[in-house]
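Trainee: I have a model open and want to learn how to read it. Can we go feature by feature?

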Amino acid sequence: MSNFATPEQFAAANKANIETLLTLANSAFASAERLAALNLNTARSILEDGVANTKALLAAKDVQELLSLQASLAQPVVEKAVAYARSVYEITSQSQEELSKLFEAQVAELNKGVATALDKAAKSAPAGSDVAVAAVKSAIAAANSAYDSMSKAAKQVAEIAEANVAAATNATVKAVSTAAKAPKKAA
């Protein structure tokens, strides 16, 4: 029995790599497509709102009405900007999550391949090499454990960041809403 890879093993590995690259490319294109659609819809909305707001401001009869209109028009603009930022964040977060899952699958497959190769090597290794094989297996287990810990920590950081982004956007919308209502009370 040979420890060297056969042409069939090379072909299988190449096929798996191509499938991984296609998955990666499809994921990137899907994210780019979603971002492009979001940007086009946002641009259309900004143009339509800009025209409507300009018409409303030009129709103002006096300075007081103009100031009141400006205050009332500011809040929807900020809310839409926050919604846009939130959408971009969601798209990029989902993209990153898909890439993370793909990377984790690749690491699991690599670990499986290394374990298989190590078992094959151990079977054909000279007597007394059990200690070296056990040391390599232990090192692989420690590396996997460290990777799992880092992966879990990164996911926790991402969850905390997502919660902070949500809190910040909600606070921004509330602050703008409060500021927009203030001039109406004074008027």
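Trainee: Which residues form a nonpolar patch on the surface?

Mentor: Keep in mind that this is a predicted model. The patch consists of Leu21, Leu24 and Leu99.

Trainee: Next, helix H2. How many residues does H2 have, and what distance does H2 reach?

Mentor: Compare the end-to-end reach with the expected span. H2 has 62 residues and reaches 91 Å from its first C-alpha to its last.

Trainee: Which residues of H2 are buried?

Mentor: The set includes Leu69, Leu73, Val82, Ile91 and Leu102. Gln75 and Ser95 are also among them.

Trainee: Why does Gln75 count as buried?

Mentor: Its relative accessible area is 18%, so Gln75 counts as buried. The cut-off is under 20%. Gln75 belongs to helix H2, residues 63-124. Look at its side chain too: a polar contact of 2.8 Å joins it to the side chain of Glu79.

Trainee: And why does Ala81 count as partly exposed?

Mentor: Ala81 also lies in helix H2. Its relative accessibility is 44%, so Ala81 is partly exposed. Now read sequence against space. Ala81 and Asn41 are 40 residues apart in sequence. Their C-alpha atoms are 13 Å apart in space.

Trainee: What does that kind of reading give for Ser151 and Val107?

Mentor: They are 44 residues apart in sequence and 12 Å apart in space, C-alpha to C-alpha. Ser151 is in helix H3, residues 130-186. Val107 is one of the buried residues of H2. Ser151 has 15% relative accessibility, so Ser151 counts as buried as well.

Trainee: Which residues does the UniProt annotation "domain: Phasin" cover?

Mentor: An unreviewed UniProt entry places that annotation on residues 8-107. Treat it as a record, then check the model over the range. Over residues 8-107 the chain is 96% helix and 0% strand. The end C-alpha atoms of that stretch are 22 Å apart.

Terms used. Residues are numbered from 1 along each chain as its sequence is written. This is a predicted model: local features need pLDDT of at least 70, side-chain atom pairs count only at pLDDT 80 or more; totals for chains, interfaces and linings use all residues. Side-chain values use heavy atoms; hydrogens and water are left out. Helices (H or I, at least four residues) and strands (E, at least two) are DSSP runs, numbered from the N terminus. Buried means under 20% relative accessible area, exposed over 50%, partly exposed in between (1.4 Å probe, protein chains only). A polar contact is a pair of N or O atoms within 3.5 Å; within protein, one must be able to donate a hydrogen and the other to accept it, and residues adjacent in sequence count only if both atoms are side-chain atoms. The expected span of a helix is 1.5 Å times one less than its number of residues. Patches are made of residues with over 30% relative accessible area and no salt bridge: like charges are joined within 9 Å, nonpolar side chains (Val, Leu, Ile, Met, Phe, Trp, Tyr) within 5 Å. Accessible areas come from the Shrake-Rupley method with a 1.4 Å probe; for residues, only the protein chains shown count as cover. A salt bridge is a side-chain nitrogen of Lys or Arg within 4 Å of a carboxyl oxygen of Asp or Glu. UniProt positions are given in the numbering used here, feature names are shortened, and annotations may be inferred rather than shown by experiment.
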